[in-house]
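User: Can you walk me through how some helices pack in this one? I'm new to it.
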Amino acid sequence: MNILSLFPAVPLVMMLGLWLSKSRRQIHAVMVTGSTVLLVLAVALVFRYLGLREAGETAQMLLTDSVVWYAPLNIHYAVGVDGISVAMLLLSAIIVFTGTFASWQMQKDVKAYFLWFCLLSVGVFGFFISVDLFTMFMFYEVALIPMYLLIGVWGSGRKEYSAMKLTLMLMGGSALLLIGILGIYFGAGATTMNVQEIAALHNIPVELQRIWFPLVFVGFGVLGALFPFHTWSPDGHASAPTAVSMLHAGVLMKLGGYGCFRVAMYLLPDAAHELSWIFIILTTISVVYGAFSACVQTDLKYINAYSSVSHCGLVLFAILMMNTTASTGAILQMLSHGLMTALFFALIGMIYGRTHTRDVRQLSGLMKVMPFLAVGYVIAGLANLGLPGLSGFVAEMTIFNGAFMNADTFHRVVTVIACTSIVITAVYILRVVGRILYGTCRNPEHLKLSDATWDERFAVICLVVAIAGMGLAPLWVSDLIRGSVSELIAHILS
């Protein structure tokens, strides 16, 4: 079996193991074993990919494999990876691994919860290894469907409303995406659904590209929190259980940015050049609006959710700059945001589990009560506002540097406007950290609370190490993705 096919296969095997499990201990054993295997596979894939590149392998997609699924439409189960895909698989494996430990204290119907969690993982991993449009779309849908139940059943607050809103809006985006994919397929001469083969043909008429590009970009952009289609995101994040929020914000939203780059920009480059200004304006609004909205929230999850709108908007903003530096920054931002927002949601869930509130106005002095969780929250906040030495700084500076390379007035003006989000982010992060962690603990009941358990500490430490590792040694990540980004941009500009 191709090593890539193991990524969706392992969660499927985990689902079988969960179904056969008879006790909570067995369920935990299955999840820890499976998520560890996925992490080991992801690390091994990184080294194997780098080894192939160093050996002189020049193909854009490596470790490819293809099996016919439906011959009349030439649909294949076709897989392959480049540096971007490998980075996304590693991110996904880290989030699934740490999310398992963050869910250790889950009490309600644990088996069913992890079954849906694993199905969500199948969709995520399958999406990142797919090079066939139909296969990619199928895994995309598999990743979306479990969210309804994971939020609606195991969530909190207005969970039914949030689950329905999220599902309807994302399915609406999927409908646009399906139309766009069919348009690309028939526009390319109805000969293949392979992304690389369609790109090599480069024969979709410009007038058709103008129709399909907005549909595909918006279809993926809905999941990437593109303004004004972002409204599902804050409600969905706020109501989701901890590990689901981690996987949703940390990985699932990255499907949007990845799809916009890999499908919309790569396969429809002529329309991308003509229409990019429209989406640059929308993404600039996402970046600034998301940051301002986070400033006025009082719920910790809503603060992080609107922060995610801002940071994911920055990913799409960078992709639309259409140069190697900005696009490299976009991939770095996807990795950085995935790690730090997963850490944020994990910590918020742990704090909520003890205090039973996420209201900033009801929390104070937590540094004295739960110092480990408080320090973790400070680190996540500093990464979010772009402190040098952590992952956020590397990603954001690369994006803004690349965006400013476009010498025309329009691109430089929107870049300056987007840069204001750095200051706004610092405002809401420092305000929240100061209010909930420092000062006197005003609620006597909170003084009796315990700090993190071993499983929670382990999840937090793993994410902190990843964030610091990327911030202190970013070149290995940059080297991993640079060649792939350059090849995609070269095709888009050709």
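User: What kind of model is it?
Analyst: It is a predicted model, where local features need pLDDT of at least 70, side-chain atom pairs count only at pLDDT 80 or more, and totals for chains, interfaces and linings use all residues. Residues are numbered from 1 along each chain as its sequence is written, and side-chain values use heavy atoms, with hydrogens and water left out.

User: Which residues in H14 meet H20?
Analyst: Thr324, Ser327, Thr328, Ile331, Leu332 and Leu335 in H14 do. Their partners in H20 include Val477, Ile481 and Ile489.

User: What classes are in that contact?
Analyst: Seven nonpolar, five polar and no charged residues. Ala, Val, Leu, Ile, Met, Phe, Trp, Tyr, Cys and Pro count as nonpolar, Asp, Glu, Lys and Arg as charged, and the others, Gly among them, as polar.

User: At what angle do H14 and H20 pack?
Analyst: About 130°, with the axes 9 Å apart. Axes are lines fitted to C-alpha atoms over the stretch in contact, and angles run from 0 to 180 degrees between N-to-C directions.

User: Now H16. How do the axes of H14 and H16 cross?
Analyst: At roughly 150°, coming within 9 Å. H14 and H16 are therefore roughly antiparallel, a label for angles over 145 degrees.

User: Which H14 residues meet H16?
Analyst: Among them are Met340, Phe344, Ile351 and Arg354. On the H16 side, Leu373, Tyr377 and Asn384 are included. The contact divides into eleven nonpolar, three polar and one charged.

Definitions and conventions. Helix = DSSP H or I, 4+ residues; strand = E, 2+ residues; numbered from the N terminus. Parallel < 35°, antiparallel > 145°, perpendicular 65-115°, else oblique. Contact = heavy atoms within 4.5 Å.
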